[in-house]
Amino acid sequence: MKTLYDVQQLLKRFGTVIYVGKRIWDIELMDQEIKDLYEARLIDVKTYREARVILAAEHHREKINSLNAHDLEEKFK
C-alpha cells in the first residue's frame, strides 16, 4: 500500500466508500474507519500502520495546500 487510492481500495473491500466533499474531511474519516477496522481485528497491524502513515502524510499535504491557497487568495485581494 503506497497511496491514498490504495487506502480507499482497502476500505472499499469492507464496503466503505467515503466522499464528504472536502478532501481533508475525507482523509480524516478514512483514518477513523481504518482505526475501527483495526480495533475490530479485521486488518493486521502492518496494514493498519501503512494506512495510517499514508493518511497522515496526505492530511499534512492537504493542510499545506489549503494554507498556500489561502495565502494566495489574500495576496490578490
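Reader: Which residues of the largest nonpolar core touch the most other members?

Author: A nonpolar core is a set of buried Ala, Val, Leu, Ile, Met, Phe, Trp, Tyr and Cys residues joined through side-chain atoms within 4.5 Å. Buried means under 20% relative accessible area, exposed means over 50%, and partly exposed lies in between, using a 1.4 Å probe and protein chains only. Here the largest core has 14 residues, and Leu4, Val7, Leu11, Met30, Ile34, Ile43 and Leu55 touch the most other members. Helix 1, helix 2 (23-39) and helix 3 (45-75) each give two or more residues to this core. In soluble globular proteins, nonpolar side chains tend to be buried together.

Reader: Before going on, what kind of model is this, and how are residues numbered?

Author: This is a predicted model, in which local features need pLDDT of at least 70 and side-chain atom pairs count only at pLDDT 80 or more, while totals for chains, interfaces and linings use all residues. Residues are numbered from 1 along each chain as its sequence is written, and side-chain values use heavy atoms, leaving out hydrogens and water.

Reader: How many helices and strands does the chain have?

Author: Helices (H or I, at least four residues) and strands (E, at least two) are DSSP runs, numbered from the N terminus. This chain has 3 helices and 0 strands, giving the pattern α-α-α along the sequence. Of its 77 residues, 29% count as buried. A contact means heavy atoms within 4.5 Å; among contacts between residues at least 6 apart in sequence, 51% join residues at least 24 apart.

Reader: Which residues of helix 1 are buried?

Author: An α-helix has 3.6 residues a turn, so residues three or four places apart point the same way. In helix 1 (residues 4-13), the buried residues are Leu4, Val7, Leu10 and Leu11. They cover an arc of only 115° around the axis (taken from the directions from the helix axis to the C-beta atoms), which puts them on the same side of helix 1. The face turned away from that buried side carries the exposed residues Tyr5 and Arg13.

Reader: And what does Ile43 touch?

Author: Leaving aside residues up to four places away in sequence, Ile43 touches Leu10, Phe14, Ile34, Leu37, Tyr38 and Tyr48. Ile43 is also among the core residues that touch the most other members.

Reader: How many salt bridges does a search of the whole structure find?

Author: A salt bridge is a side-chain nitrogen of Lys or Arg within 4 Å of a carboxyl oxygen of Asp or Glu. The search finds 6 of them. In one, the closest N and O atoms of Arg23 and Glu62 are 3.0 Å apart. Arg23 lies in helix 2 and Glu62 in helix 3, so the pair ties together parts that are 39 residues apart in sequence. Arg23 is partly exposed at 36%, whereas Glu62 is buried at 19%. Arg23 and Glu62 also belong to a network of salt bridges with Glu58 and Arg61.

Reader: How far apart are the closest N and O atoms of Asp31 and Arg52?

Author: They are 2.5 Å apart, in another salt bridge. Asp31 lies in helix 2 and Arg52 in helix 3, so this pair ties together parts 21 residues apart in sequence. Asp31 is buried, with 15% relative accessibility, and Arg52 is partly exposed at 27%.

Reader: Where do Lys46 and Glu50 lie?

Author: Both lie in helix 3, 4 residues apart, about one turn of the helix. Lys46 is exposed at 54%, and Glu50 is partly exposed at 25%.
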